[in-house]
Amino acid sequence: MLPDYSRYSQVCPFIYGKGTVSRVGKEVKRLGCSKVLLVAGKTVSKLATYQRCKKSLQEAGIGVVEFNENQPEPPDHIIDKGGELARKEKVDGIVAVGGGSSMDAAKAINILINNPPPINQYFGNPKYKPGVPVVMVVTTAGTGSEATNVAVITDTKNNVKNSVIGTASLGILDPEATVDMPPHATVRAGMDALAQAAEAITAKIPNPKSQLLAFDAIKRIVKYLPVAVEDGKNLEARGNLLVASNFAGIAFNDALVHLGHAIAHTIGAKFHVIHGEACALALPEVMKYAAAVDAERVKIVGEGLGLEFTGKESATAVGEKVAEGVRSFIREMGIKPLRELGISKEDLLSITDLIFEDPTYQFVPREVDREELVGILENMYENY
Ligand SMILES: [Fe+2]
């Protein structure tokens, strides 16, 4: 059934294909750039993809200024440093190589090209002069940041994560660029994409495009994540996971994520659980919660997981069935329960109030009270 109101978009074009990293120079030139800031973290800067990318830029006659100091969950001062280098070198383009951290850093640095630092003054503030073209070369299949209009940056003054508004001009999805991801990182990234897709389908303001892409993303993740974990060099699996994370990114950029991400962000900040793992652990109970809002959409998530429904199930039964489907998949993928991560039930319940403060909580399809949220967290702990 179509929603009464929906809005959907796509932030930029994408190029998919084996070996497409070698096109980056040509594409950057086509965007009118002559000198770019090449943004990556230290680890990524040692990978073949990074070198291939740099070579392609140089062969196209593009000047390259390397900024390889980026860090996971990019801190504000790193963004300010990158912005300063970009302004000093007068770059007219930015190329990010990496996962969410590189891509988010590139979006944020781009704000500082034509606007004064520090980056912190642009948190949640879209009023700034536009920057230069930004090209994303994606090396992980998870965040889908190449497809979203937000960059998550760590506010080191207040020790919280915040975000700025920014988009890419082009995303390059080359399966060969993701083969270096080890199995555990592949799983965590895939889990993030899975949760983003499932939450986009069950969102407060759904839309038909998000639903279509997120459903397809779930199917690809369920089919190909186990293959890529088993054989990281399998390009068919890597390619499908890249497309899945990209589709999930496009889907949640409009539909938005909700309670699962509010729980995952809070667990991540408080207990340093990796984002994708925290998302996976929250997802089963969040599907039960979402079934009480709209069981038909939770069924779509279930069908993506490969489950079959008779059409006679109650909303509660749909929720239970999809929750169990998620649990069995994340178990198969080796996601450890919270107790094995050294977190007690009391620890988990201690973060209840903080979940309401997470920015994604405002997008929940239905408000929960404290008592209901405590119940969701208890079930999350006990049922997996
Ligand atoms: Fe996420």
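**Note on loops, helix packing and domains**

1. Lys 90 sits in the loop between helix 4 and strand 4 (93-98), where helices (H or I, at least four residues) and strands (E, at least two) are DSSP runs, numbered from the N terminus. Although Lys 90 is not a glycine, its phi is positive, at about 50 degrees. Lys 90 counts as exposed because it has 11 C-beta neighbours inside 10 Å; a residue is called buried if 20 or more other C-beta atoms lie within 10 Å of its own, exposed if 12 or fewer, and partly exposed in between, with C-beta atoms placed from the backbone.

2. Before going further, please keep in mind that this is a predicted model, in which local features need pLDDT of at least 70 and side-chain atom pairs count only at pLDDT 80 or more, while totals for chains, interfaces and linings use all residues. Residues are numbered from 1 along each chain, as its sequence is written.

3. Leu 256 belongs to the loop between helix 8 (235-255) and helix 9 (259-271). Is Leu 256 buried or exposed? With 20 other C-beta atoms within 10 Å, Leu 256 is buried.

4. Another backbone feature to check is the cis peptide bond that joins Pro 117 and Pro 118, for which omega is about 0 degrees. Pro 118 is part of the loop between helix 5 and strand 5 (134-138).

5. Two packed helices are described by the angle between their axes and the distance between the axes. For helix 4 (residues 76-88) and helix 5 (residues 100-111), the axes come within 9 Å and cross at roughly 55 degrees; axes are lines fitted to C-alpha atoms, for helices over the stretch in contact, and angles run from 0 to 180 degrees between N-to-C directions. The crossing of helix 4 with helix 5 is right-handed; a crossing is left-handed if the near helix is turned anticlockwise from the far one by less than a right angle, and right-handed if clockwise.

6. Which residues of helix 4 meet helix 5? On the helix 4 side they are Ile 78, Ile 79, Gly 82, Gly 83 and Ala 86, and these meet Ala 105, Ala 108 and Ile 109 in helix 5. In this contact of helix 4 with helix 5, six residues are nonpolar, two are polar and none is charged; Ala, Val, Leu, Ile, Met, Phe, Trp, Tyr, Cys and Pro count as nonpolar, Asp, Glu, Lys and Arg as charged, and the others, Gly among them, as polar.

7. The axes of helix 6 (residues 183-201) and helix 8 come within 8 Å and cross at roughly 40 degrees, and helix 6 and helix 8 are therefore oblique to each other. Their crossing is left-handed. Among the residues that make this contact are Ala 193 and Ala 197 of helix 6, and Ala 244, Ala 248 and Ala 251 of helix 8. The residues of the contact of helix 6 with helix 8 comprise ten nonpolar, three polar and one charged.

8. Ala 217, in helix 7 (residues 208-230), is buried, with 31 other C-beta atoms within 10 Å. Apart from neighbours within four places in sequence, Ala 217 is in contact with Ala 193, Ala 197, Ala 244, Phe 247, Ala 248 and Ala 251, where contact means that the C-beta atoms of two residues, placed from the backbone, lie within 7 Å.

9. Ser 9, in the segment before strand 1 (14-16), is exposed, with 10 other C-beta atoms within 10 Å. Ser 9 and Ala 251 are 242 residues apart in sequence, yet their C-alpha atoms are 9.1 Å apart in space.

10. On the scale of the chain, there is a division into domain 1 (14-178) and domain 2 (183-382), with bounds that come from an automatic or database domain assignment. The C-alpha centres of domain 1 and domain 2 are 27 Å apart, and 18 residues of domain 1 are in contact with 21 residues of domain 2. The side of domain 1 that touches domain 2 has seven nonpolar, eight polar and three charged residues.

How values were computed. Parallel < 35°, antiparallel > 145°, perpendicular 65-115°, else oblique.
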